[in-house]
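Thank you all for coming. I would like to walk you through one structure this morning, taking its pocket, then a hairpin, and then some side-chain contacts.

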Amino acid sequence: EYNDIDERHRQKMIEFETTNIAVADLEKYHSALDKALLRYHGMKIADINKIIRELWTLTYKGEDITNIELASNQDAGSRAARSYNYRVVMTKGSTPLDMRGRCSAGQRVLASIVIKLALAETFCLNCGVMCLDEPTTNLDYANKRGLAIALAQIIATRAAQANFQLVVITHDEEFVAMMKNELTAHTGFDMPERYFQVSREEGSDGKHYSKIHAIDWDEL
C-alpha cells in the first residue's frame, strides 16, 4: 500500500498545482474577455447612437424632441447570467426622458425606423438586404419627406455595395413620389429603373389573384 508513496505523492502534488495554475489562468482569461465584451458593447452603442443622431436630425422635422438614443442598463447578477435592458431616451432641450409613454404614434414609428436603420448600418454591412414595411404609418408630410431624404442618402451611399438591396413595402403613393424626387437629386449611382405595384385582380374564372406590375418611374 505504501510502495513508492513519495513518488505517488509527488505526482499528485504536480497534478494539484497544475490544476490550480490552469484555473487561475482561466479566471484571468474570463476576466479579460468580460472586460473586452463590455468595451465592445460600449463602442457599438456609441456607434449606433451616432448614426441615430444623424438620421433623427435629418428625418424629424418637429421641434419638441432634439434627439433620441439607445440607453442600456446591466441587470444585477453573476457574470454568467449578465443581460442588458435597452430603452429609447429622448432629449428635450437638455433634459433626457424615457421616450415610452411620452411621444405620439408618429414619433414612435419614426424612432423605430431610425433605430432599425442605425442597427443595419452598424451590424449588417456584409448583409445588405433591408426591408421596411409601411414605414410612413402615422407620419405627417414633413416627416415622410425627411424619411425619404434619409433613405435616398443611404441608397446613394451604399449603391456600390454588390449585395445591397432596400425593399420598401407601402400603400403611400405620395411617399413613392418623394423617394423618386430625392433619388433623382443624387448622382454617382444608377437610378432604379422601375418600382413594382401589387394589385388584386379578378380572373376569368371569377377568382381574385394578386398581380405584380413593373412600372417605370416616369409613369409616376
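**The pocket and the contacts**

In the largest pocket there is about 1,000 Å³ of space, where a pocket is, on a 1 Å grid over the protein atoms alone, an open set of points where a 1.4 Å probe fits, with protein on both sides within 12 Å along at least five of seven lines, and lining residues have an atom within 4 Å of a point. That volume is the space filled by probe spheres set on the points, which are joined across faces, edges and corners.

Before I go further, please keep in mind that this is a predicted model, in which local features need pLDDT of at least 70 and side-chain atom pairs count only at pLDDT 80 or more, while totals for chains, interfaces and linings use all residues. Residues are numbered from 1 along each chain as its sequence is written, and side-chain values use heavy atoms, with hydrogens and water left out.

The lining of this largest pocket comprises 27 residues, and Leu166, Val168, Arg194, Tyr195 and Phe196 are those nearest its centre. Two or more lining residues come from each of strand 5 (165-169), helix 4 (173-184) and strand 6 (194-202), with helices (H or I, at least four residues) and strands (E, at least two) being DSSP runs numbered from the N terminus.

Met90 has Leu97 as its bridge partner in strand 3, and Gly93, in a hairpin with two residues between the strands, takes a positive phi near 70°.

What joins Arg87 and Asp98? Their side chains meet in a salt bridge at 2.8 Å, N to O, the term meaning a side-chain nitrogen of Lys or Arg within 4 Å of a carboxyl oxygen of Asp or Glu. Arg87 is partly exposed at 33% relative accessible area, as is Asp98 at 31%, where buried means under 20%, exposed over 50% and partly exposed in between, with a 1.4 Å probe and protein chains only.

Elsewhere, Asp172 and Lys144 form a salt bridge at 2.9 Å, N to O; Asp172 sits in the loop between strand 5 and helix 4 and Lys144 in helix 3 (residues 141-158), so this pair ties together parts 28 residues apart in sequence. Asp172 counts as buried at 16% relative accessibility, and Lys144 counts as buried at 8%.

Notes:
Pairing = 2+ DSSP bridges.
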